[in-house]
Amino acid sequence: MVNFLELKRLNAQYENELKQACARVIESGWYILGNETEKFEQEFADYCGVKHCIGVANGLDALTLTLKAWRELGKINQGDEVIVPGNTYIASVLAVTEADLVPVFVEPDEMTHNICPKAIEAVITEKTKVILPVHLYGQLADMPAIMALASKYNLLVLEDSAQSHGAELHDKKSGAWGDASGFSFYPGKNLGALGDGGAITTNDDELAETLRALRNYGSHIKYQNLYQGLNSRLDEIQSAMLSVKLKYLPSQTQARQELADYYIKNISNPAIVLPEVPEKEAHVWHLFVVRTTHRDALIEHLTKCGVQTQVHYPIAPHKQQAYQEFNHLSLPLTEQLQNEVLSLPMSPYLDEQERRVVVDAMNSFKVNV
Ligand SMILES: *Cc1c(COP(=O)(O)O)cnc(C)c1O
């Protein structure tokens with residue numbers, strides 16, 4: 001059986017180092033906002049090529065806190081519009097509504113499934129203040145075009161980099177393109193903790209300072225509160241785990257890219273559309289997503305062949321019960337993708353034999369037989 005993702009196997013690659021790091025934190029007696037978090041923040045900022053990294057509790061908070069920080073700084077106001085992809089995980093949208101802002105959904109580009117810059121420009125109004133591109137499946141959105149729009153219309157850009165640690169275009173990494181970027185270190189992400197975790201990267205000193213307070217009850221100095229903040233901190237144990245795993249992120253990313261190349265070279269089936277990648281370095285393959293109009297049959301066939309798959313994502317945010325106010329919207333391409341996408345196993349540790357099983361299963365699928 002080729003499982004979709006085995007976290008135990010993933011982390012077994014660094015088991016001894018993780019255990020040592022964990023023991024070091026236990027012995028230190030310091031568990032929140034200490035040396036480990038400071039060290040990881042510096043390492044991750046360096047990795048992304050930015051000035052600041054602010055560790056927080058999870059990826060959703062990373063996005064939400066950034067929008068709230070911009071509100072505290074007077075850069076945006078309640079009710080302002082934030083342009084988001086229709087085709088994304090719901091967290092990107094939850095951050096917007098949690099900050100009392102209004103999401104404006106935009107259709108994807110059909111080739112990359114990422115937000116389409118032309119479609120962004122079409123919905124910009126007086127109320128638009130932020131573009132929130134998501135680097136979906138690990139592939140950078142069209143950031144040169146998005147940054148050009150932001151500068152033309154004087155908009156802020158918040159990247160959702162939850163799936164794209166290390167994705168790179170023109171020597172600039174995910175997290176270094178926008179005014180700020182939110183990362184998730186959920187265990188299954190490309191850089192995953194052994195629990196929840198997240199971070200914001202930015203070059204903006206004032207934003208970084210505000211975020212450091214907001215994640216800690218709105219306070220820089222104990223018992224002096226500047227803002228109505230939250231408790232959303234990356235803890236010492238998770239920071240120590242992440243420092244270990246960050247060292248291996250480049251080789252893990254390379255293993256994902258090699259597996260994707262292998263799939264693309266070897267899978268050939270007229271019933272299945274493979275992902276297309278305009279810029280190789282710009283994709284770190286958090287997910288390997290194919291398209292087919294025969295999804296149920298393909299899932300059944302793959303299961304029979306011992307290949308486990310998942311759907312990212314079966315219901316678009318605007319069609320969720322949680323967002324009834326947007327259920328009337330029509331985003332035809334987004335809705336079509338929700339019905340056709342299927343994610344294959346994409347783990348850096350998959351061996352030759354497992355890769356072969358996936359390819360053979362994909363190639364032996366026949367429609368209506
Ligand atoms: C995982 C994810 C998030 C949320 O991160 P959490 O750490 O789970 O809160 C946000 N956006 C996208 C695109 C994600 O994939």
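User: Which helix gives the most to the lining of the largest cavity?

Analyst: Helix α9, residues 236-266, gives the most, with four residues, where helices are DSSP runs (H or I, at least four residues) numbered from the N terminus. A cavity here is a set of points, on a 1 Å grid over the protein atoms alone, where a 1.4 Å probe fits but cannot get out, and its lining residues have an atom within 4 Å of a point. This is a predicted model, in which local features need pLDDT of at least 70 and side-chain atom pairs count only at pLDDT 80 or more, while totals for chains, interfaces and linings use all residues. Residues are numbered from 1 along each chain as its sequence is written, and side-chain values use heavy atoms, with hydrogens and water left out.

User: How much space lies in that largest cavity, and what lines it?

Analyst: About 70 Å³ lies in the largest cavity, a volume being the space filled by probe spheres set on grid points that are joined across faces, edges and corners. The lining includes Leu10, Tyr14, Lys189, Lys245 and Arg256. By class, the lining has five nonpolar, three polar and three charged residues, with Ala, Val, Leu, Ile, Met, Phe, Trp, Tyr, Cys and Pro counted as nonpolar, Asp, Glu, Lys and Arg as charged, and the others, Gly among them, as polar.

User: OK, switching to the ligand: where does it sit?

Analyst: The ligand sits in the largest pocket, in the sense that more than half of its atoms lie within 2 Å of the pocket's grid points. A pocket is an open set of points with protein on both sides within 12 Å along at least five of seven lines.

User: And which residues come nearest to the ligand?

Analyst: Of the 13 residues around the ligand, Gly59, Asp160, Gln163, Ser184 and Lys189 come nearest, where being near takes a heavy atom within 4 Å. A ligand nitrogen is 2.8 Å from an N or O atom in the Asp160 side chain, and a ligand oxygen is 2.8 Å from one in the side chain of Gln163. For Lys189, a side-chain N or O atom is 3.1 Å from an oxygen of the ligand.

User: What's the volume of the pocket itself?

Analyst: The largest pocket has a volume of about 670 Å³. Of its 32 lining residues, the closest to the centre are Gln163, Tyr186, Lys189, His286 and Tyr313.

Note on methods:
A polar contact is a pair of N or O atoms within 3.5 Å; within protein, one must be able to donate a hydrogen and the other to accept it, and residues adjacent in sequence count only if both atoms are side-chain atoms. Helices (H or I, at least four residues) and strands (E, at least two) are DSSP runs, numbered from the N terminus.
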